[in-house]
Amino acid sequence: MADEDILICAADAVLEGGKGVRFLVTAGGDDGTGFVVRYGGKAYAYLNRCAHVPIELDWAEGEFFESSGLYLMCSTHGAIYAPESGFCAGGPCKGGRLRPISVVERDRQIFWQPDDYVRPARA
């Protein structure tokens, strides 16, 4: 499937618990963004859409972690998510989770892999 991998950024652009990197996607037919963050030394990517209300999470571009750096947080309603699973850890998203996007790291770069729901952005 390497031929379907789509470059997001250089691996060193995504620092542990730091700013995430956004990328364009089409999800369920709608244009949107995904994002990649690093937690526990590993890159994780999700559709940038809160499980509570379908709005983008980041309060400023790439700012997904709350102040402790332990959780991803929706800037609008304060829903928090475990960065390694996307599961809601508190707030109004109870029982929800972020939509994961498969990512791979190779050759010091991070790539995302389309699936049946999240596809490359329309040109």
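Predicted model: local features only at pLDDT ≥ 70, side-chain atom pairs only at ≥ 80, totals over all residues.
1. Start with a cut-off. A residue is buried under 20% relative accessible area, exposed over 50%, and partly exposed in between. Arg99 has a relative accessible area of 29%, so Arg99 is partly exposed.

2. The annotated span comes next. The UniProt record, an unreviewed entry, lists residues 6–112 as "domain: Rieske". In the model, this span is 43% strand and 0% helix. The C-alpha atoms at its ends lie 5 Å apart.

3. Now the charged pairs. Side chains of opposite charge can pair when their charged atoms come close. The count here is six salt bridges.

4. Glu4 and Arg119 form a salt bridge through their side chains, with an N to O distance of 3.9 Å. Glu4 sits in the segment before β1 (6–10), and Arg119 sits in strand β10 (residues 118–120), so the bridge ties together parts that are 115 residues apart in sequence.

5. Arg106 and Asp5 make another side-chain salt bridge, at 2.7 Å from N to O. Arg106 belongs to strand β8 (residues 100–106), while Asp5 lies in the segment before β1, so this pair joins parts that are 101 residues apart in sequence. Is Asp5 buried or exposed? Asp5 counts as buried, because its relative accessibility of 13% is under 20%. Arg106 has a relative accessible area of 31% and is partly exposed.

6. Back to Arg99. Its salt-bridge partner is Asp115, and the closest N and O atoms are 3.1 Å apart. Asp115 is partly exposed at 25% relative accessibility, and Arg99, as in point 1, is partly exposed at 29%.

Notes:
Residues numbered from 1 in each chain as written. Heavy atoms only, no water. UniProt positions renumbered as here; feature names shortened; annotations may be inferred. Helix = DSSP H or I, 4+ residues; strand = E, 2+ residues; numbered from the N terminus. Salt bridge = Lys/Arg side-chain N within 4 Å of Asp/Glu carboxyl O. Buried < 20%, exposed > 50% of the residue type's maximum accessible area, 1.4 Å probe, protein only.
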